[in-house]
Amino acid sequence: MDTQLTHTTRVSTIPAARKLLIAALCCAAVMVLVGTAGWFFLAFMVLLFGPGYVLERLFPAAIEPAPFVRPTLWLGLSMALISVLYTWTTLVGVPLTAPLLIALTLVCGMLVLLCAWRDTAERSPLDDLSSDRIAPDILAWAALLVVLGVTVWMRFYQIRELALPAWVDSVHHALLIRVVAEQGQAPYSLQPYIPIENLPYHWGYHAVMAAAMQVSGLDLPRVMLWGGQIINALHVLTVAALATYFWRRPLAGVVAAIIVGTVSIMPAYYVSWGRYTQLMGLLAVPALAICWDSWLHRPTRRDWLLCVVLLAGLSIIHFRALVLGFGLLASSGGIWLAQVGDRAQIRQRILHGAGMAGAALLLAAPWLWVLVLQRLAPAVETPTNLVGGGDYNKLSEGLLWAGHTRWIVAGTLLAGAWGLLRRTRAAVILVGWTGIMLMLSNPPLITYVLPAVGVTLLLHAMQNRKLGIGLLGVLLVLCNPRLVWVPFFWLITNEVVVISLFMPLAALVGGGVALLYSRLLPSFPRGSEWMQIGTIGALAALLVWSAWDGRNVLNPDTIFTTAGDVTALEWIEQNTAPTSQFLINTTGWFSHVDRGTDGGWWITPLTGRSTSLPPALYTYADPAYVAATHARSRTVAEYTPGNEQAIYDLITQQGIDYVYLGTAPEPLTPQVFADTERFAKVYERDGITIFAVLGTP
């Protein structure tokens with residue numbers, strides 16, 4: 001009896017967090033038993049959170065961060081660490097093969113378990129769940145997990161009918177993932193698929209997805225579709241952390257999560273474009289902003305190191321996202337600078353910040369060197385290549401006001417105005433970030449802002465008799481549209497900014513709701529519980545309604561593949577020689593790049609066979625190759641009945657072995673290849689037709 005009582009007592013003293021960890025381990029075991037799909041989700045979560053968790057635990061914070069912050073740091077750091085790892089293993093010539101990646105993932109998983117077992121050794125707020133009052137942080141976490149769960153369901157429902165990822169970007173993303181997996185290195189060379197060396201295209205996303213594919217064994221299309229929707233849904237976590245950190249109210253984070261997850265059309269709509277790289281880049285911005293702001297106010301080696309890793313990794317994942325992130329860092333840093341009065345602190349931050357930038361440059365040096373050689377050097381020779389504007393920077397009003405954007409913008413304006421009137425630091429930072437983003441895509445706006453700042457400085461100088469500030473004010477007043485011309489910059493366009501605004505807008509709306517709630521709560525001293533219940537009910541209703549309303553966000557016009565294409569591509573891989581060349585249907589896209597029109601464009605990334613039009617990255621190749629590719633594509637795109645000989649000549653010149661025609665073939669149709677002496681129909685199923693070239697047409 002005594003032994004039994006002692007055993008019972010010991011069991012009851014196990015911390016709740018550790019029990020939760022044991023339950024998570026049981027769930028992980030079940031996922032492994034499910035098969036390849038379950039193993040993918042488990043391995044993907046380890047890759048996305050494991051490396052960052054281990055690094056963060058090596059340098060623990062002096063104080064407990066706000067809710068949602070730590071997992072956001074793990075996520076951003078993990079993506080950055082994987083990108084940096086590929087950078088340096090590529091430089092030293094060590095390929096990250098599947099066995100090596102599996103071993104590294106298992107080691108990372110074991111380190112995560114060890115750290116988590118130690119972290120759950122002590123009591124936590126979870127142990128007080130049976131008490132009359134549950135810790136607010138636990139309620140906030142429960143709410144966020146519900147929002148995240150609904151968002152994940154919504155994202156996967158949105159791709160239920162997709163056989164392959166949508167639109168143009170997905171095709172070359174798939175090729176880059178294939179190259180990373182085959183080479184085990186950063187995709188600087190696209191040989192033998194496209195004659196490109198030293199490709200200056202951001203590839204952090206592709207490295208993460210290639211690692212997940214090699215570790216799990218899942219096929220490339222599902223890795224892209226499932227992985228893409230997971231990183232899409234994880235914006236719920238990162239934006240919630242951003243809002244909670246700056247507003248210091250978990251309710252702000254929960255509301256921001258609902259906006260990002262279900263109300264806003266962005267980032268859900270990214271799946272229609274296959275813009276997975278920008279999606280992953282923006283995912284790391286909140287972690288960088290939080291570490292940066294924390295370092296500004298309480299400089300520690302920990303935050304300095306984390307900023308270095310995040311800066312280096314984000315430069316590899318997506319350079320545009322890094323530039324947008326710089327806008328948030330500038331806004332946060334500007335507010336800190338305006339509040340601090342100690343010049344010694346300012347000098348110290350500038351010195352250490354320069355060291356931070358230098359360390360990040362060194363950490364990403366192999367990649368940045370490629371970028372300098374292939375992008376910066378040509379730009380120095382021809383500076384006009386950096387100038388954008390015109391149709392390239394044209395803003396689509398349909399994109400700007402899609403979905404419930406008008407309501408979100410209205411809420412943002414109210415929240416921002418209220419926050420600015422109350423001089424709330426979070427509102428100033430987020431409004432400032434939004435303004436900086438808009439000026440990055442429209443640089444001439446700065447010539448309207450600077451004179452206003454100059455007038456303010458002049459008035460201040462006149463009141464306080466400060467000559468230096470007065471001269472600076474005069475200089476800024478002179479920076480007006482009549483005297484100064486500022487060109488558009490090609491890197492940041494209005495489209496890039498518009499589809500990224502969901503982050504500051506959601507954080508502002510979340511903060512506005514939190515301010516309103518805190519303002520109204522004291523007015524109901526006896527009915528505070530009913531107010532809490534009403535708030536929870538209203539947010540739950542908004543979550544359910546918006547999730548159901550936005551479940552069909554996918555644009556059908558960006559889908560040009562079917563399940564039949566997948567079957568046909570499998571047939572190609574099994575029944576054609578690896579050196580086979582395919583003629584596919586093409587059409588114009590931009591003035592400098594063409595695109596495929598059906599599943600034939602997926603032949604190269606999924607089977608390795610060549611096509612008459614490679615994925616869109618061919619524009620990075622030698623100008624002669626690009627010109628020849630354009631000529632082939634335009635021969636097909638401009639075909640009209642009666643000009644069959646031009647197609648036959650193209651087949652002969654390029655040594656085409658097969659012709660791939662999708663479910664709605666255009667402009668080339670089966671009738672063009674009806675001559676049985678020249679062509680043989682070798683595949684016809686689900687609307688897909690493949691002809692073999694028998695001889696010289």
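Modeller: Start with F40 and F44, which both lie in helix α3 (residues 36–58), 4 residues apart, about one turn of the helix. Helices here are DSSP runs of H or I with at least four residues, strands are runs of E with at least two, and the numbering starts at the N terminus. Keep in mind that this is a predicted model, where local features need pLDDT of at least 70, side-chain atom pairs need 80 or more, and totals for chains, interfaces and linings use all residues. Residues are numbered from 1 along each chain as written, and side-chain values use heavy atoms, without hydrogens or water.

Biologist: What makes F40 count as buried?

Modeller: The relative accessible area of F40 is 0%. Buried means under 20%, exposed over 50% and partly exposed in between, with a 1.4 Å probe and protein chains only, so F40 qualifies. F44 is also at 0%, hence buried.

Biologist: How many aromatic pairs turn up in the whole structure?

Modeller: The search finds 24. One of them is F40 with F44, and that pair is stacked.

Biologist: Why is the pair of F40 and F44 called stacked?

Modeller: Rings of Phe, Tyr and Trp (its six-membered ring) pair if their centres lie within 6.5 Å; planes under 30 degrees apart are stacked, over 60 edge-to-face, the rest tilted. F40 and F44 come in at 5.3 Å centre to centre with 15° between the planes.

Biologist: What makes R18 sit over the ring of W117?

Modeller: The rule wants NZ of Lys or CZ of Arg within 6 Å of the ring centre and within 35 degrees of the ring normal. R18 lies over the face of W117 at 3.8 Å from the ring centre. R275 does likewise over W273, at 5.6 Å.

Biologist: On to helix packing: how do you know that α6 and α11 are roughly parallel?

Modeller: The axes of α6 and α11 (residues 250–263) come within 10 Å and cross at roughly 5°. Axes are lines fitted to C-alpha atoms, for helices over the stretch in contact, with angles from 0 to 180 degrees between N-to-C directions. Under 35 degrees is roughly parallel, over 145 roughly antiparallel, 65 to 115 roughly perpendicular, the rest oblique. So α6 and α11 are roughly parallel to each other.

Biologist: Which residues of α6 meet α11?

Modeller: Among them are A140, L144, V147 and T151, while the α11 side includes V254, A257, I258 and G261. Contact means heavy atoms within 4.5 Å.

Biologist: Where is T151, and why is T151 called buried?

Modeller: T151 is in helix α6 (residues 136–158). The relative accessible area of T151 is 0%, so the residue is buried. Leaving aside neighbours within four places in sequence, T151 touches A233, V236, G261 and T262.

Biologist: And what makes A233 buried?

Modeller: The relative accessible area of A233 is 1%, so A233 is buried. A233 belongs to helix α9 (residues 220–233). Beyond neighbours within four places in sequence, its contacts are L148, T151, V152 and R155.

Biologist: Last one: how do you know that A207 is buried?

Modeller: A207 has 0% relative accessibility, so A207 counts as buried. A207 lies in helix α8 (residues 204–216) and, again leaving aside neighbours within four places in sequence, is in contact with Y86 and V180.
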